[in-house]
Amino acid sequence: MSRTEAAPGGPRRVLFAYGLLVALGLGAPFLVYPVFAMNVLCLALFASAFNLILGYAGLLSFGHAAFFGGAAYAAGLVTRDLGLSPELGLLAGVAFAALLGAGTGALAIRRTGIAFAMITLGFAQLVHFLAVEMGWTGGEDGFQRIPRGRALGVLDLQHNLAAYYFTYVVFLLGFATLHRAIHSPFGRVLRAIRENEPRALSLGYDVARHKLLAFVLSAALSGLAGALRAIVNQFAALPDLGWHTSGAVILMTLLGGLGTEMGPSVGALLVAALETGLAGFGSWVTVVTGAVFVACVLTFRRGLVGEVRTVVLRSFHGG
Amino acid sequence: MIQALFGQLLLGLINGSFYALLSLGLAVIFGLLDVVNFAHGAQYMLGAFLAWILLARFGVGYWVAIVAVPASVGLAAMGMERLLLRRLQGLDNLYGLLLTFGVALVVEGLFQNAFGISGNSYPVPAELKGGIRLPFMYLPLYRAWVVAVSLFTCVASWLVIERTRLGSYLRAGTENPRLLQAFGVNVPLMFTVTYGFGAALAAFAGVMAAPIYQVTPSMGSTVIVVVFAVVVAGGMGSILGSIVTGLGLGLVEGLTKFLYPPAASAVAFVVMAIVLLVRPAGFFGRTA
């Protein structure tokens, strides 16, 4: 759906950009309410993981809520009902999302485009219905009273600041995994598949396997984000499994910039700010979200980061 | 026992009629415009809601609403096609899905703001009150009417598309719009009219649904996901596939509700998954 070029301005400038972001992440809990910052990080990781499948592999999943929300329940089950530590909760979330992703992906990647979107949506709805019907999930009330616990047995996450830095480290690990995947030969093949699938196939690449691997990786990291959010918010909500969440992650990715590394995080920040800002105004948040969606699709399909990069690239090449 | 079974099957048949009507519209739009109309649920909701507003605020009844509401929703949809969807031509068809998704959110949100989230009930029109006592069950007249009208509309649409000159244009446009345009057919106009027709069909289903289900702003988004499963299982863009699968799935749902109620709302997606395992292109689909 979009193309990816090398970042402009050479490695030094890129290093500077990354450094700035790391500094911003370190200082964030002193600038904004830590719980808000944690939620932004979780959504940013979710959107970045989603971007791997949409932005790089070119497949629109309309069912990523199942991985994000499902992992939240898995993490809750492990930490609250089994009394295990938060990092094991995260692991359980990742494992659940990866397995679910492997099952869904195996069926979905047989088709592309619209059909792919519909199939992933169908599976996510199935997971949603299961969460409503099964007893232990708490049904409409969601999975409540998840303990934050102690990370690695020492760091008490009850303190918001400790919880924030825990979230931040997990986010960085997830983000680095994605960075590694995008800049590896695997990531290049994904882009080749997106641009011209028959050609990639004729060059001898196992297209189905690459797609499935990308899908599972994207699902697993979405699960990481969901499990993390459940632990810091101490709550897994039913709407997180619904298709509006799948829509929201598309919006974050699209708004920030498809197929750009930073875009989804920027989009997540904007969407989270929008939702917090309009929290007291009833359904206006739905209206505004929809309007932003329409505006995004009609006018700036490259997203904020994508548009900025285009402008910067143009100035570099003197055009 | 047998009463309960037939009761659930009738309910399934009614749900199936709505699935069929909605997926028919989706299939026609998808076939020609290559757009998955995510706003279909919102257009269905608009149908039910406008009928309710007409009655509650202006005292205008069912028989006027069932003509006027689909017509006005269809016109509004034509405007939307001209102003918004038209700009996305030539782009990846996923953008069409995202645009209509955004429009659906706006419409649903606006109605939630204006009317709240609680349900409103719409009375059954006086002419269709009462029912027939059959040997094995009681058949409310209005429900029989809904099934009959839906079947008639589906069969009529199918005949128009398969047997008339207009339908042949539509099928030709689905195969190759540029070639059709080269033959002198006004394809952009066809796009607009087809989108309007599909949306009007959704609004028509909405008006008919108003006396059966609660009229709420979210009624569209709950039904539309099931309809998407129908469309995938039936084969994307296949007209006959969507009608048959819609009705069939409604019946299967009713049967599930009789045998094991909690599974009823998930059965559509299970059926979809099984169909995809056996036939990746859907029941009536052709692999592209």
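Leaving aside residues up to four places away in sequence, Leu45(A) touches Phe171(A), Gly174(A), Phe175(A), Leu221(A), Leu224(A) and Ala225(A). The model in which these contacts are found is predicted.

- The largest nonpolar core comprises 201 residues, and Leu45(A) is among those with the most contacts inside it, together with Ala227(A) and Ala48(B).
- Helix α2 of chain A, residues 34–56, contributes 16 residues, the largest share of this core.
- As general background, nonpolar side chains tend to be buried together in soluble globular proteins.

**Helix α3 of chain A**

- Helix α3 of chain A covers residues 65–81; because 17 residues at 1.5 Å a residue should span 24 Å, the 23 Å between its end C-alpha atoms agrees with expectation.
- Of the 17 residues in α3(A), 16 are buried, and the helix is thus mostly covered.
- After α3(A) comes Gly83(A), which has a positive phi, near 70°.

**Contact between chains A and B**

- Chain B places 36 residues in contact with 36 residues of chain A.
- On the side of chain B that touches chain A, at least two residues each are supplied by α4 (94–115), α9 (219–234) and α11 (267–278) of chain B.
- The largest share of that side, 15 residues, is provided by α4(B).
- Classified by residue type, the side of chain B that touches chain A holds 27 nonpolar, 6 polar and 3 charged residues.

Definitions and conventions. Residues numbered from 1 in each chain as written. Chains lettered and ligands numbered in written order. Predicted model: local features only at pLDDT ≥ 70, side-chain atom pairs only at ≥ 80, totals over all residues. Helix = DSSP H or I, 4+ residues; strand = E, 2+ residues; numbered from the N terminus. Expected span 1.5 Å × (residues − 1). Buried ≥ 20, exposed ≤ 12 C-beta atoms within 10 Å, placed from the backbone. Core = buried A, V, L, I, M, F, W, Y, C linked by C-beta atoms within 7 Å. Contact = placed C-beta atoms within 7 Å. Nonpolar A, V, L, I, M, F, W, Y, C, P; charged D, E, K, R; others polar.
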